Amino acid sequence: MNFSGLIFLLLAQFFAGRGVIRLFGVHLKPIALACYSMIVGVFVVSLVPCVLQLLHIPLTANNLYYAISVSSLLLSVPLLLNIKKTKLLSVSFPKLYELPFLLVFLALAVISVWRCFYFPPTPRDVLTGTELIAEFAAREKTMINSVFKIDLRLNSSANNIFKSPFITSLQIIYKLLVHPFGQVWLSVLFLSFTVWFYTLLRQIVHPLLAGMLMLIYFAIPDLYAYTYVLLYDYANMVFFVGGYYFLTQFLAEKNRRLLLWASFLFGASVYIRSETLVMIAMVAPLLAIYLFRQQVKLLQIVIQTGLFVSFSLLFNFLLNFFISKFIPVRFDLGELISHDFFNFSLLLEKFTKIATDTIFSNKGRDVYAHFFSFFVFIFVADVIWPRKFSKDARFALLGIAVVYLGLVLLSFLIPSHTIFNSAKRGLFRLIPLIVLYIAHSGIVQKISGFLNRKETAASIPSLSGKVVTNSTKQNTVIDKKR
Amino acid sequence: MHFKINMTLVAILAIVLFFNIPFYNHWLNTNVLNPDISIPNTYKVLDKEQRMVSRFGYSYSVYKEMHSVFQKAKIKDPIVLLPPDAYLKEKKVIGVLVVEPAIYYYFTSGKAVWYDSPDVLKANCAMVPNNEGKITVKKINNREELNALLDIYKKYKLDL
């Protein structure tokens, strides 16, 4: 393993991502800023091999090193121009009672990162597609390589070579600069997303509850497995959930920069898995209706909805452009699409089968453990008491409905999008949204408020002559708001 | 301080109780803490090929060995005809799974075909199970030998 190559890439990704965030002009909290710098950096750097390939520049370690350096420096320019405004990362230490959870998460994270480094990419979908292309691109210095001279089973339903160049590009970079199996970029995404998600939960609920929710989230067998098994779905989830979260932030703050930022993250998720476009197409009218009900002017609704879908359309175009340039064989999506559009009984069957065959089946339990049962329990409890659905809880539920219905529609339109194999991983997008819903649910908020009050009361006698920590202040403020 | 200590005990209790739920306990012990792929047992074996074998199993070693046999035999541009998986099972071959031509290429950098591949007629060697359940390799010298093998293999369904 080439550690200097890894450090170079981590720095390049961080500065590239940080520069992109500066370009969007969104203000994130320090940890969120650091995490999203890495997440966006991974995405931006993944475009570099595609540009080199377009320019017919050989994909060598040296060329990638120079190209990544130049692109990261260019993207850092907005950062350098505002260097005086740049604040250093300030981190508040976790509380004593968070440590048991953090130790468990650390252990799980170490095991995941080790497996990601240690084992070669395994799933058939990548071995017969993007990983295969990447392996021979690293050897032959071009994405258009000898792989296309072998039998790729194009006469069957397999279409793995036509998938996004996102994994191909990152695998080429990491194989040439870091490690023969590549793949450790997945750990970068996993760690960055997990840290951000935990800090987000800590802002919503008492840290003890945040720890418990994260534990349930971590212990979803398949979601955990895909933190070290190379496929598209985990990366897609990271960008989709980020996009959805920042969209809800836009709706709360009405800051158009947040809308563009959400659009960018959604666009990245489309670039990774193009069928995500279906879900974004479902969110767009909901956004327009929401803005209409907020009495926003019609022109503004059109502009804002247009901005929302802009990056998804742009990245979808880029994805198809790259595939047309880098895959020297043709693929007709039309052959995959069902033409039985008015078969509503089939649509209804797909609607129920995702729940019965995937989520609440015995196989589903092996995949998601008791996570969905826990969600249903909290939801039903919430309906009975306290029956208060905050705006954030409703947004999360809406996101859950969009993903579920989007998967139903995909399974209906594309017969090869099988209920168990394809929808199973597509449901990953739901999981963080469900965790967010649970955190915002009335019942959990009641418990959180109780714990916050107890903690504040317990700390009052010790206040005299002592400084209250930032997080205690923050929790108190949150509690008062409620 | 008492509050924080109490909360810490609650956190520890929550973790212990959580991992005592049968499903999570099973997941923890068989997957997360699986000794076969634990860090203490794997960090000593960092050779790339051994890691490939530990992930892809015996089949990987068989394909690598097969490819080296063709190279040693100095067969020019070997294209291997792979049997259907069902045929291997019928011949009671244990531990070897038939892979797609793409995965064979990924493993060995060598070309392989299935009986329905576009280039099947270019196959010049074959992977053939014998009656003792062992894998053998065979050079295909002419179209008759190839057709004889294809006639057998085509009786079996190909599975991805």
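In strand S2 of chain B, Lys111(B) is the bridge partner of Ile79(B). Helices and strands here are DSSP runs (H or I over at least four residues for helices, E over at least two for strands), numbered from the N terminus. The model is predicted, so to speak of local features takes a pLDDT of at least 70 and side-chain atom pairs count only at pLDDT 80 or more, while totals for chains, interfaces and linings use all residues. Residues are numbered from 1 along each chain as its sequence is written, with chains lettered from A and ligands numbered from 1 in the order in which they are written.

Back to the sheet in chain B. S1(B) and S2(B) run parallel and are joined by 3 bridges; strands pair if DSSP finds at least two bridges between them. S1(B) also runs parallel to strand S3 (residues 125-129) of chain B, this time with 2 bridges, and Leu81(B) sits opposite Ala126(B) in S3(B). S3(B) then pairs with strand S4 (residues 135-139) of chain B in the antiparallel sense, over 5 bridges, with Val128(B) opposite Thr136(B) in S4(B). Put together, 4 strands of chain B form an open sheet with mixed pairing, in the order S2-S1-S3-S4. S2 (111-113) and S4 of chain B are the edge strands, each pairing on one side only. From one strand to the next, the twist averages 30°, taking angles from 0 to 180 degrees between N-to-C directions, with axes as lines fitted to C-alpha atoms (for helices, over the stretch in contact).

Pro83(B) lies in the loop between strand S1 (79-81) and helix H6 (85-90) of chain B. Pro83(B) counts as buried because it has 24 C-beta neighbours inside 10 Å; the cut-offs are 20 or more other C-beta atoms within 10 Å for buried, 12 or fewer for exposed and in between for partly exposed, with C-beta atoms placed from the backbone. Neighbours within four places in sequence aside, Pro83(B) is in contact with Leu88(B), Val98(B), Met127(B), Val128(B), Pro129(B) and Tyr153(B), where contact takes C-beta atoms, placed from the backbone, within 7 Å.

Over in chain A, the axes of helix H14 (residues 276-293) and helix H15 (residues 298-326) come within 9 Å and cross at roughly 170°. That makes H14(A) roughly antiparallel to H15(A); angles over 145 degrees count as roughly antiparallel, under 35 as roughly parallel, 65 to 115 as roughly perpendicular and the rest as oblique. Residues of H14(A) including Leu277(A), Ile280(A) and Ala284(A) meet residues of H15(A), among them Ile301(A), Gln304(A) and Phe308(A). H5(A) and H10(A) pack at about 20° with their axes 10 Å apart, and are therefore roughly parallel. Phe101(A), Val104(A), Phe105(A) and Leu108(A) of H5(A) make this contact with Gly211(A), Met214(A), Leu215(A) and Phe218(A) of H10(A).

As for how the chains meet, the contact takes 36 residues from chain A and 34 residues from chain B. On the chain A side, helices H5 (99-118), H7 (130-140), H10 (207-218) and H22 (442-459) each supply at least two residues. H5(A) gives the largest share, 8 residues.

Methods: Two residues are in contact if their C-beta atoms, placed from the backbone, lie within 7 Å.
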